[in-house]
Amino acid sequence: MWKDNAMIDVICRAENTPGIEGYTSRELRRMVREHVGLELPPALPPDAAELATEAPAPDAIVVGTADNNRVLAQLLRDGFLPPPEHPQGYSMRCGPHPGDERRRILAIAGTDAAGALYALRDLEHYHMECLRRDHGDLDMQAFIRRDYPRIEFRGHWTWGCNMPDKKAWIENMSRWKLNELIHWDNYLPERAKEYVDAAHECGVRVVWGFGWGWIPKWNFDLGPQFDHGQGDRVEMCPSSAFNLAFFRREILRKIREDYAPTGCDGIYFQSFTEAPKCQCPRCREKTMGELMLNFVNPIIDDVKAEFPDLWISCGIHHDLGDYAHLKELDPRCNIYWENCVSGTSVRGEGEDFGYIHKGIHYGHGFSKDCPADPPYTEASLAEWMASNERHYAVPGGRDNHYLYMTFLQRWAGRFLAKRSANKHGCLVADHSVFCRRTPFQLVALAEAQWNPDLPTKHTVDRLLTHLGMDAAVDQAPEAEAPLLDGGGAPPWVARAARAAVPREGHDA
């Protein structure tokens, strides 16, 4: 543990500070404890501490923002490190102490509280070798890094019950700078508010999903007056006056009584997807887009009137047909595209829109009765991971991992090229068992979404080392067929099998 005479000051928020700032302080201590084997001394209060300058000045670790840490504010004014840029961005530098060049300062400045946390994540993944134990003291080597996320919201979209140990899953999302969880199910988890509070503490926002006209019998108690529509496999008539009034009333009630009290950040829905259009005379001559707008816009208006700060997202599938009508979707509602070749950013440069990457394996157990809190044991999780382990291995050696990362960076680059200023990028992740395993594919996509311009080989090398995969990857035989960039479809599919793979249009 830490020597009594260790020469270091830690200037940051106290570990018991509520919210993300206290979590960041705890994560700093965890990292040093786990990777270096030392326990940091108690923190000095950032609003009262001064940076010692008289020789011999102690080493210092300073973490926070210019607004909440006056030592950082002074270091930024003095040019010790460049100012961070953009929301969620950070600047960090380890260098000579201004009072004694033999001593070091590790300064971590976030544009905001999230940025300070993300700096710690990159410190752990890419620069942890700069913090070493030297005869019981902490030796800090010089480095500098500044970055920010190119895609504002990065996360996981989970469908169904395959998300055990939600707190561990969410924390692992945070460790890879993911900040948005869209959890879609028929019912809220019993501990929904607890999960939201835990997610907010580590910088992840939570969006609960439920059907708005998607298999209505799974999400609502339908009375005898409900109009199920006409036609094979049709779920409901979206032109029925009773249905429109029913959903307008019941959806707002569910949000008011069930979802909003959890403290969630948003609501996600899909309407009339993966089901044929009603063939009654009122619906037959209208497009699915026209029917959807008439259905959802009044509901969005009602929800925003009562919950103006609640983010609302509408999931759109390729089978909606003509996207042109989506220009009239309430601008306060996000569009989240799934399986769509085009149509993204249909409402202009200020549009809020997202895209789901579906090129990494997933499986789900969605059904009418799937539990939002699935039972599990450590043994069942171990069996689950072993059963699908092959799906999360990039075939071949290090060169193929470089190539795989290149594909993901291209995908993120194409996504960034869309004209919308506010973007959400996620992947379907409900079978990755992210609460107990961190597959290379998922973290590679997370890093590509954070910054697709990161140097590919350096990033991959660091990721493989952090994940403990160096030996396995370097010993792996070369793949029988070269990896191909499927534009979102699995790029590791062999060339001979490419024709058998259904294309879902994942070209963001």
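Reply: We may begin with Glu 274, which is partly exposed at a relative accessible area of 44%. The model is a predicted one.

Me: Why does Glu 274 count as partly exposed?

Reply: Exposed is the term for a value over 50%, and buried for one under 20%. Glu 274, with a relative accessible area of 44%, is therefore partly exposed.

Me: Where does Glu 274 lie, and what is its phi?

Reply: Glu 274 belongs to the loop that joins strand E11 (266–270) and helix H8 (281–284). Its phi is positive, about 55°, although Glu 274 is not a glycine.

Me: Is Arg 233 buried or exposed?

Reply: The cut-off for exposed is over 50%. Arg 233 counts as exposed because its relative accessibility is 58%. The residue sits in the loop between helix H6 (216–219) and helix H7 (241–259). Arg 233, a residue other than glycine, also has a positive phi, near 65°.

Me: Which residues does Ala 142 touch, not counting residues up to four places away in sequence?

Reply: A contact requires heavy atoms within 4.5 Å. With residues up to four places away in sequence not counted, Ala 142 touches Cys 94, Arg 104 and Cys 130. Ala 142 and Arg 93 are 49 residues apart along the chain, and their C-alpha atoms are separated by 7.3 Å.

Me: Where is Ala 142 placed, and what is its relative accessible area?

Reply: Ala 142 is in the loop between strand E6 (137–140) and strand E7 (143–147). Its relative accessible area is 49%, so Ala 142 is partly exposed.

Terms used: Residues numbered from 1 in each chain as written. Predicted model: local features only at pLDDT ≥ 70, side-chain atom pairs only at ≥ 80, totals over all residues. Heavy atoms only, no water. Helix = DSSP H or I, 4+ residues; strand = E, 2+ residues; numbered from the N terminus. Buried < 20%, exposed > 50% of the residue type's maximum accessible area, 1.4 Å probe, protein only.
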